[in-house]
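Hello,

Here is the structure you asked about. My notes on it follow below.

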Amino acid sequence: MEKLLSIPFLIFMPLVVSMFVISPLFTKNEIVVRRFSKSVFGFHFLYSILMLAFFDPANPYTSQIHFFGLDWVQSVGIKFAFRIDNISMILVMLTSFVFLLSSFASKFNIRANHKFYYSMLFLLESAILGIFTSADMFVFFLFWELELIPAYFLIGGKWKGIEVKPTNISASGGGKWKGSETEDEEKRAQNSAIKFVLFTFSGSMVMLLGILLLHYYNFISNGILSASFTDINASRIPEYIQNIIAVCLLIGFGVKLPIIPLHTWLPDAHTNAPTPVSMILAGILLKTGAYGIFRFNYETLPDAFITIAPILAIFAIINIIYTAFVAYAQTDIKRIVAYSSISNMGLILLGLCAINRIGLSASVFHMVAHALVTCGLFMVAGIVYLRCKTRDINTLSGIAVVMPRLFGFATVIVLASIGIPAFAPFVSEILTILGAMQADFSDVLKFVSVFSLPLLIISSCYMLKFLHKSFFGELPAEFEKVNDITVHEFIVLASVLAGLIIFGIFPGTLLGMVG
Amino acid sequence: MLNDIFNILLPQISLAGFIILQLVLSMVLSPRLYRYARLISVLGISLSIILLSTVQTEPQYFAFKNSIMSDSYTLLFDFLILVCGFLVALLTRQHIKTIKGNAYTFQAILLCAIFGAMNVISANDFLTLFVLIELLSFSTYFLIASAKGYHSKEAAFKYLLTSAVSTGVFLFGVSYLYGITGSINLSQIYEIVMSQPPSIMYSISAIMIVLGVISKLAVFPFANWVIDVYKGTETSVLAFLSTIPKLAIFGILCRLLVFPLSNSFELTYAVAIIALITALWANTYAVKESNVKVILACSASANSSYVLLAACLVSVYNLSTVIFYLMCYVLMNIAAFAFLNICSDKHDMNAESFKGIFYNNHGLTGAYAFSIIALAGFPITSGFIAKIYLFTAIASSGLRFIPFLLALLILTVVALFYYLKILLPLFERCDKNTEVPVLTPVFSQKFVLVVTTAITLIIGIYPEKIIELCRFIAYNI
Amino acid sequence: MEITMYHYLSIGLLLFLIGLLGSVIVKNVIKVLISIEIMLLGVNINFITFAAFCDNMKFDGYVISLFYVGLGAVELAVALYLFYLMYQKKESDCIERFNEL
């Protein structure tokens with residue numbers, strides 16, 4: 001059985017399927033395309049479950065692709081190697097799961113260019129899996145860059161098709177984002193996609209400088225021309241060089257994560273992307289930044305990370321508090337969720353900065369928990385937008401009457417996101433507090449960080465505001481005819497909820513793997 | 001002397017034979033038979049490629065009293081130049097159709113330029129180098145001016161003025177070097193220079209020589225021609241202009257930097273700063289432009305500056321990356337210009353005029369988009385590998401040059417912005433009313449586009465063999 | 001005063017700089033071409049000075065200067081021809097009028 005489990009298959013299967021889906025050989029019938037893609041994503045999820053089932057933390061999966069018996073670029077020491085250790089395994093599972101969910105969510109949100117959409121979705125999955133599993137810096141960078149192409153098209157693409165303009169809603173006044181026309185929206189989506197690409201690309205160029213320096217100083221100190229993580233972990237790079245490299249890398253990951261001054265691409269991209277893509281962006285793509293910080297700064301440059309961690313913790317706290325307030329000021333549901341994502345990523349960063357086992361496991365746990373929560377929230381926002389043609393919470397009101405089932409799910413997911421016990425985010429928030437308390441910070445920093453976390457929970461009232469304003473109150477006439485959720489949406493929301501409850505009640509399953 | 005010809009010069013001689021043949025035919029044949037001109041050029045270049053197998057490279061061979069040399073380095077560059085010439089000659093179909101009467105002359109000049117470029121690489125003294133660079137540039141003036149109308153003349157005139165001035169600067173540098181060392185032979189100068197302590201005079205002359213040579217690469221002090229010339233030039237000639245002179249000049253520049261000019265530390269810094277300024281200028285200039293040709297001109301200039309930075313930090317590793325980068329770069333560039341050549345009769349070169357072209361021409365536009373993505377340096381293209389490889393080389397040249405590298409990397413982001421400006425309109429759906437033309441490429445144009453794109457993809461996936469070759473060449477210089 | 005090599009060299013340098021400056025700042029096409037020729041003269045004086053004054057040199061300097069005179073003449077001819085073609089349209093010799101690109 002274990003011979004059947006191969007990492008290259010796990011990573012490149014979506015790539016091959018993507019090429020197949022976009023090729024003229026494949027049918028143009030949208031139903032066939034959709035069902036085929038869903039089943040492939042489902043198969044991929046099952047396959048990753050199998051990999052998880054046979055996973056042994058002491059003995060991680062490794063694999064290397066040889067080209068005619070040679071490494072990939074031997075002259076530079078680049079090996080096309082992959083390695084799945086426990087954290088990679090968790091993130092691979094998460095990726096596969098979120099993509100499955102988003103393929104389910106795509107049914108009503110994507111109305112045109114199905115072949116291209118699903119092919120880009122597969123390509124993105126391949127790239128992200130590559131990031132999570134690569135064992136070589138340059139391969140990591142390759143996938144990091146490759147991911148930009150599908151992400152650009154997914155955010156900026158024209159998936160809406162031709163749509164009847166909502167008439168009665170645009171008459172009544174409202175916020176900036178309300179009742180917009182399709183074309184405007186597409187233009188905006190494209191602009192935010194360009195913004196996303198330029199931001200990430202500039203970050204990744206600075207990161208490339210860090211990787212190049214790391215590669216070179218590894219060669220000087222170690223004598224081996226190699227870019228694989230295991231070799232670099234073993235080398236002793238002088239500390240001032242480590243600091244330079246760490247800052248370069250952190251800028252690259254900080255754009256993706258995002259750390260506060262570098263975050264401005266995120267709300268736009270998340271708001272203007274179609275719902276399933278927002279789910280992927282917030283659920284998985286942001287985690288690549290956190291994973292990068294873990295893999296490079298935490299593991300590879302430990303000396304520099306000890307120096308930098310307190311400063312980074314301050315940034316993390318700013319992330320948590322500042323964006324919580326910004327989110328409270330938003331009126332667009334998707335923007336609220338997007339800012340809450342930044343806030344949560346601050347939590348993950350704080351967990352990493354604690355540099356102890358509790359902090360690390362908390363941050364990995366929160367990656368999973370936040371991915372589930374944010375998928376659910378974006379799904380809710382998408383459903384509301386699809387039915388009511390608006391995401392403005394000032395315009396929305398009383399839709400709980402017509403959508404009782406959605407209301408139920410939304411309430412539970414919102415409660416989970418603000419850290420009610422018995423759901424997964426509660427566990428990770430508590431663990432982060434513990435980790436920060438035990439961390440090697442100065443007393444002031446420890447104090448601030450510990451008290452920032454209740455503040456996170458308190459400022460989560462923006463979530464309740466969203467829930468209150470959009471679901472309660474009087475139902476306007478224009479929303480009277482909207483339908484409740486369909487089977488597809490039910491499946492997505494229910495599986496998110498199941499995940500939240502399972503990890504909330506049995507956190508040991510995940511924590512055991514990290515530890 | 002005859003021995004010399006048979007040992008190393010057969011490809012060049014056969015090419016020269018074809019030049020004469022074309023010139024004779026241009027006088028004899030009627031203009032109605034213009035079609036065969038291209039075929040004869042292609043034939044001549046193919047024959048030269050075959051004859052490259054007769055060239056002696058091991059050990060180095062010096063011919064004509066040390067004025068011409070041959071080793072594996074020159075052989076590789078000759079091969080690259082001939083391959084580019086082959087592809088360019090295939091692309092000239094549209095162009096010679098518009099200048100029927102001069103078709104044979106045009107092809108003769110094209111062959112002349114390739115002949116000059118091949119010999120520039122093998123030059124081993126400054127006199128030969130000077131004469132051959134002039135041969136290359138004279139042919140280029142005529143190629144640029146060959147198109148009908150006023151614009152091509154203006155472009156050619158501007159190019160001529162710039163290169164006349166830069167030739168003066170080059171020779172002024174040579175004259176001082178000649179005064180210091182008493183020789184114009186590259187190998188002799190190298191020996192003499194290595195035995196002396198470096199002097200200010202030597203550095204000044206070296207900087208002037210390099211400045212004179214690199215004007216053809218559209219690098220800073222002589223860079224402004226590139227915009228006007230690219231704007232006014234026909235696309236197949238552009239495919240020539242952006243590849244072959246570049247290969248030739250970089251080929252000889254690397255040799256100059258490794259041998260006769262290697263003893264000057266100031267030169268390294270000067271060239272690095274020049275490269276930085278060029279990258280800054282080219283990348284920021286292109287941001288506000290919307291003409292595809294101008295954007296590609298700026299990209300050509302910017303790419304030259306990246307290579308220049310790697311080339312000036314002389315080491316074997318850097319040299320191999322320079323060779324590899326050039327190899328990938330010329331192929332991507334030819335692919336881009338092949339597409340522009342296909343649509344040159346239906347579009348003006350404004351980026352917006354390509355709107356929605358993807359939806360009627362999937363394959364062609366896909367290949368074009370792929371080559372632009374390669375120029376921008378995204379993965380699974382050779383551009384990605386080339387950039388990584390080049391930047392590893394610069395990064396391993398010491399902490400002093402890290403700020404330069406950082407600046408270049410940041411400028412790459414600006415470059416991405418203008419590449420997106422080319423790319424995005426291709427995929428934009430246009431209104432129902434406007435008709436998107438269906439492109440009708442002939443076989444040769446499709447062939448060039450497909451071959452260059454395929455090689456770009458293959459090198460992007462499996463670069464190891466090519467890199468090994470480049471390292472081998474760099475060790476044997 | 002004895003005239004040494006350095007006097008010749010400084011004349012060469014002076015001519016070269018005059019030519020370089022002229023080719024950059026002059027607005028008249030013909031004058032630009034003249035400036036380029038002056039640059040050529042400066043370079044040639046340099047070459048011939050070195051060839052004449054230094055004993056260990058062979059004839060390389062003379063040869064290069066001869067070649068440069070020849071090629072400079074060709075360059076000038078080409079430039080004048082292109083200028084003639086452009087002049088037919090613009091009827092002006094001010095370099096700033098040739099700005100259609």
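Across the interface of chain B and chain C, six residue pairs are in polar contact, both residues at pLDDT 80 or more. A polar contact here is a pair of N or O atoms within 3.5 Å; within protein, one must be able to donate a hydrogen and the other to accept it, and residues adjacent in sequence count only if both atoms are side-chain atoms.

Some ground rules. This is a predicted model, in which local features need pLDDT of at least 70 and side-chain atom pairs count only at pLDDT 80 or more, while totals for chains, interfaces and linings use all residues. Residues are numbered from 1 along each chain as its sequence is written, chains are lettered from A and ligands numbered from 1 in the order written, and side-chain values use heavy atoms, with hydrogens and water left out.

Back to chains B and C. 36 residues of chain B are in contact with 39 residues of chain C (heavy atoms within 4.5 Å). The area buried between them is about 3,500 Å², and carbon and sulfur atoms give 80% of it. Buried area is the accessible area (1.4 Å probe) that two parts lose on being put together, summed over both. Tyr150(B), Phe157(B) and Tyr178(B) supply 21% of what chain B buries against chain C, more than any other three residues.

Which elements of chain B each supply at least two residues of the side that touches chain C? They are α7 (126-145), α8 (150-181) and α11 (225-232). Helices are DSSP runs (H or I, at least four residues), numbered from the N terminus. The largest share, 22 residues, comes from α8(B). By class, this side has 23 nonpolar, seven polar and six charged residues. Ala, Val, Leu, Ile, Met, Phe, Trp, Tyr, Cys and Pro count as nonpolar, Asp, Glu, Lys and Arg as charged, and the others, Gly among them, as polar.

Now chains A and B. They bury about 3,300 Å² between them, 79% of it on carbon and sulfur atoms. Again the rule finds zero salt bridges. Three residue pairs are in polar contact, both at pLDDT 80 or more. On the side of chain A that touches chain B, α5 (137-146), α6 (148-156), α8 (182-222) and α10 (239-256) of chain A give two or more residues. α8(A) brings the largest share, 15 residues. This side has 27 nonpolar, six polar and three charged residues.

Best wishes

Technical notes. Salt bridge = Lys/Arg side-chain N within 4 Å of Asp/Glu carboxyl O.
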